[in-house]
Amino acid sequence: MKIENVTAVDSMVAAMRKGLMILLAFSFSFSVYSQAVTEIITDYKGYWKSSSASNPVKPDNSHNLLAFTYNSTRYSTGVNDDLLSSHGENFIPSDFWAMPVTSISGSINSNTKAGFGALYDGVYNGASNPAPEYGITTYLVDGIKGLNIGTCIANLPVGTMSFAVQNLQMASIGDGIPDIVVTQIADPSGSSFDRYEFVDANGVRVGNYKDIVFTNIPVVGTWTADFYNATNPFVLTSGFTQTDRPLRLWAADLSEFGITETNYHQIVGFRIHLCGNSDVAFVAYNNKSIS
């Protein structure tokens, strides 16, 4: 009888632990998905809108981010609000820009690629001659307001990528409006994650960091791209010609980084710790919150 009671108690404890693990897993999943961008609108061929089922049209050239949906609310980027209105879209007018890159600490290697829509170079199923102009940071800030989501640098090397930040607006902290938008537009790898954080003048983190596993972020669309080896000049090989890749975006309010009214004034930069599988079109900021 005593043995049976112990067994019953052990079973109950095991069930409670299992339930707690499921609850924690659900909480983590909800936290990640609550920050995912679930829809985007761009100016590809005049107007292109993704959906949860993914638009079957696959952009194959440069196109600029016009709007995105975050926590069930659509925000414009300010690229072309009139075009959004002409298509009957409801949105909150906003002003987003790509953050200029101040430094990349890792060394560009044979795995690093420059991604372009398959028709960017004017040749649909092959390399152009000459190749697209060489550059790394160039393709992280190109397009209108730097928001071209049809070019990227893929497999950025392990290291850090830094951006200058100043004049954070205290009123923007915790208002639920996204202040940072990050892109991942090729193939993220397994459980690899990038770490995002704000830093002070000494490079010390302010607030907390956010680790994002992009395979946990839902896909909002697919594009068709060529991936040139990031040599100088760029070189396109057959295995990376006219390939389909998923589009993912993630956004966050300043408060997600532990930014408060007591520490926001310390911030002078934004930093990403790159895992080696980061495929970035741009990192954007809300100009109403950050300069």
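Modeller: Happy to walk you through it. Please keep in mind that this is a predicted model, where local features need pLDDT of at least 70, side-chain atom pairs count only at pLDDT 80 or more, and totals for chains, interfaces and linings use all residues. Residues are numbered from 1 along each chain as its sequence is written, and side-chain values use heavy atoms, with hydrogens and water left out.

Asn71 sits in the loop that runs from strand E3 (65-70) to strand E4 (73-76). As for solvent, Asn71 is partly exposed at 42% relative accessibility (buried is under 20% relative accessible area, exposed over 50%, partly exposed in between, with a 1.4 Å probe and protein chains only).

Asn167 has a positive phi of about 55° although it is not a glycine, and its place is the loop between strand E9 (159-164) and strand E10 (180-184). With a relative accessible area of 49%, Asn167 is partly exposed.

The backbone also holds cis peptide bonds. One joins Asn129 and Pro130, with omega about 10°, and Pro130 belongs to the loop between strand E7 (113-117) and strand E8 (151-156). Another joins Asn232 and Pro233, with omega about 5°; Pro233 lies in the loop between strand E13 (221-229) and strand E14 (235-236).

Now to the aromatic side chains. A pair of aromatic rings is described by the distance of the centres and the angle of the planes. Searching the whole structure gives 18 aromatic pairs, where rings of Phe, Tyr and Trp (its six-membered ring) pair if their centres lie within 6.5 Å, and planes under 30 degrees apart count as stacked, over 60 as edge-to-face and the rest as tilted. One of these pairs is Phe116 with Tyr139, edge-to-face at 4.9 Å centre to centre and 90° between the planes. Phe116 is in strand E7 and Tyr139 in the loop between E7 and E8, so the pair ties together parts 23 residues apart in sequence. Phe116 is buried at 1% relative accessibility, and Tyr139 is buried at 4%. The rings of Tyr196 and Trp250 are stacked, because their planes are at 20° with the centres 5.8 Å apart. Tyr196 comes from strand E11 (residues 194-199) and Trp250 from strand E15 (residues 243-252), so this pair links parts 54 residues apart in sequence. Tyr196 is buried at 1% relative accessibility, and Trp250 is buried at 0%.

Phe116 and Tyr139 also belong to one aromatic cluster, together with Tyr120, Tyr134, Tyr228 and Phe234.

Finally, charges meet rings too. The charged end of Lys113 sits over the ring of Phe240, 4.3 Å from its centre, and that of Arg195 sits over the ring of Tyr209, 3.6 Å from its centre. The criterion is NZ of Lys or CZ of Arg within 6 Å of the ring centre and within 35 degrees of the ring normal.

Conventions
Helix = DSSP H or I, 4+ residues; strand = E, 2+ residues; numbered from the N terminus.
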